Amino acid sequence: MQMSTEEVLQEVATEVATCAKCNLCKGRTKAVPGEGRSSAKILFIGEGPGYNEDRQGRPFVGPAGQFLDELLTSINLRRTDVFITNVVKCRPPNNRDPLPEEIQACNNYLDRQIAAIKPQVIVTLGRYSMAKFFGSEKISSIHGRARKVNGYLCIAMYHPAAGLHQASLKDTIREDFKKIPQIIAEAERVVAETPVKQAQAAPTPKEPPQQLSLF
Ligand code: URA
Ligand code: SF4
């Protein structure tokens with residue numbers, strides 16, 4: 001029997017809570033699987049838990065999270081409308097960057113979350129989630145623009161924490177965020193105009209990673 005979205009998300013959260021697949025398990029207080037609506041149209045993928053997230057077991061609850069809340073409010077969304085997770089589910093010591101082997105060890109949880117939620121739009125927050133979808137492209141040239149990657153509409157954005165330290169980036173992030181509703185509307189229009197036959201053929205395309213510029 002195929003599991004429902006909620007069941008997959010619950011299963012991932014349960015596994016993550018006691019996971020020991022990489023060294024980050026050693027320093028964590030609580031793993032942070034991610035949270036939000038199982039039927040979310042938008043999936044946000046950050047980097048990894050920080051101090052506050054590690055203590056609470058919830059994503060983006062510190063200063064960067066407050067800014068993310070403000071950004072969501074600016075497009076009439078609440079946390080409970082979207083799903084928010086991270087590339088690694090356990091806090092790196094002293095908030096250091098996650099190592100390639102840690103990202104690799106944790107990748108399966110993220111892939112299962114994405115496959116279960118099937119979001120209309122994936123928003124990457126920061127370098128590491130961007131690298132998963134956009135390879136080695138530069139954030140300064142691709143931020144705020146939607147592209148289809150592996151069947152998902154993806155938008156790379158600067159990490160909200162970067163905006164906390166740099167006022168000009170804060171404005172850039174705000175502007176990029178305001179594009180999300182338009183991008184979703186456009187994606188829905190494209191789906192609505194897609195002939196039924198093609199729409200049925202659409203699930204799980206096995207094409208190699210391709211990045212088509214949509215807009
Ligand atoms: N920064 C992240 O990338 N993720 C969090 O959950 C919190 C801060
Ligand atoms: Fe497991 Fe991911 Fe935590 Fe590493 S970061 S221990 S792979 S849940």
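I checked β4 (residues 121–125) and found five of its five residues buried, so the strand is largely enclosed by the rest of the structure. Buried means under 20% relative accessible area with a 1.4 Å probe, protein chains only; strands are DSSP E runs of at least two residues and helices H or I runs of at least four, numbered from the N terminus. Both faces of β4 are covered, with V121, V123 and L125 on one side and I122 and T124 on the other.

A note on the source: this is a predicted model, where local features need pLDDT of at least 70 and side-chain atom pairs count only at pLDDT 80 or more, while totals for chains, interfaces and linings use all residues. Side-chain values use heavy atoms, without hydrogens and water, residues are numbered from 1 along each chain, and chains are lettered from A and ligands numbered from 1 as written.

Entry two, the neighbours. Strands pair if DSSP finds at least two bridges between them. I see β2 (residues 42–46) running parallel to β4 over four bridges, with I45 opposite T124. Five bridges link β4 to β6 (residues 152–157), also parallel, and there V123 faces I155.

Conventions:
Buried < 20%, exposed > 50% of the residue type's maximum accessible area, 1.4 Å probe, protein only.
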